[in-house]
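Here's a quick briefing to read alongside the model. Have the sequence and the 3D view open as you go.

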Amino acid sequence: MQISKASKAVGGLVEDVDVKDLSDSQFDEIRQAFFDYGALFFRDQDLTPEDHIAFAKRWGEIDVNRFFSPVPDYPEIAEVLKEADQELNIGGSWHTDHSYDEAPAMGSILYALDIPPSGGDTLFAGMATAYEALPQEMKGRIANLKARHGNDHAFGETSEYRKAMGGRLINPEAAGQQAVHPIVLTHPDSGKKGIYVNPGFTLQIEGMDKAESDALLAELYAHVQQPQFHYRHVWEEGMLAMWDNRATWHNALNDYQGHRRYLHRITMEGVPLSQTH
Ligand code: SIN
């Protein structure tokens, strides 16, 4: 097994390994690399849903996503699907999964089953690298701030996005959670500081009026959206990608109209983040 950096900012490539058949020492190395790099990519995996679940369980409990349609007979696995005749994709803008939860999912493990002939790449942003590159003055401004995250606008009854997804998002009545997290997160496993607000689910900075909060969030988002903090993952069938939601953003590019894209996603349980600053 070899593990190498995928880009300067984020991600690691894990080669010559079958995730179904990892020794304890290989798993420990992969775990360390996951926290060092924020995301890992494995090619040529041949996984049944049971294998995918077994790999996820080596990391801890599964955090079942309540809004994505599950794979039939496998409630632990969410479908990330866009049919050839659908226009909107899942996760097609910068976000981090589950930041609206008190204990956001530690990470997500996505397995590619059907990939368009071109397009459908996923961008990842490294939040520790982006934090490190912030001007000192901005680091001071955000050091003790917290932000509120929520999901009603995406998954709730009145969400236009949910309605436009044509049945791929379920349980609108389960939406409405909000959680407050520090903007500068000290990662619970790596100890690295990173930016923990995201355009998908962050609603407002606590103690600021909406206009002031929007302006500061826009500055942070513009900073993270600079390409030097990104890695562009090009999918092949049989690829497995896993990312740490506390250390990355991701954005699934929707540039493959007329083609099907189908992946299975498992989210892994995380810890409460309210104390981690
Ligand atoms: C997601 O946001 O979890 C989907 C990512 C992808 O489809 O590449």
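Helices (H or I, at least four residues) and strands (E, at least two) are DSSP runs, numbered from the N terminus. This is a predicted model, where local features need pLDDT of at least 70, side-chain atom pairs count only at pLDDT 80 or more, and totals for chains, interfaces and linings use all residues. Residues are numbered from 1 along each chain as its sequence is written, and side-chain values use heavy atoms, with hydrogens and water left out.

- Look for I170 in the loop between α6 (160-164) and β9 (178-182).
- I170 is partly exposed, at 27% relative accessible area (buried is under 20%, exposed over 50%, partly exposed in between, using a 1.4 Å probe and protein chains only).
- Not counting residues up to four places away in sequence, I170 touches R66, F67, F68, S69 and P70 (contact means heavy atoms within 4.5 Å).
- From the C-alpha of I170 to that of D44 is 31 Å, and the two residues sit 126 residues apart along the chain.

- Most residues other than glycine have a negative phi.
- D73 isn't a glycine, yet its phi is positive, at about 75°.
- You'll find D73 in the loop between β4 (70-71) and β5 (74-82), and D73 is exposed, with 73% relative accessible area.
- H98 isn't a glycine either, and has a positive phi of about 65°.
- H98 belongs to the loop between β5 and β6 (107-114), and counts as buried at 1% relative accessibility.

**T267 in β16**
- T267 is part of strand β16, which covers residues 261-268, and is buried at 2% relative accessibility.
- Which residues does T267 contact, leaving aside its neighbours within four places in sequence? They are I62, D63, N65, H98, A105, G107 and S108.
- A polar atom of the T267 side chain lies 2.6 Å from the backbone oxygen of D63.

**Strand pairing around β8**
- β8 (residues 146-150) runs antiparallel to β9, and five bridges join them (strands pair if DSSP finds at least two bridges between them).
- G150 has Q178 as its bridge partner in β9.
- β8 also runs antiparallel to β12 (residues 202-205), with three bridges joining the two.
- On that side, A147 is bridged to I205 of β12.

Key. Polar contact = N/O pair within 3.5 Å; in protein donor to acceptor, adjacent residues only side chain to side chain.
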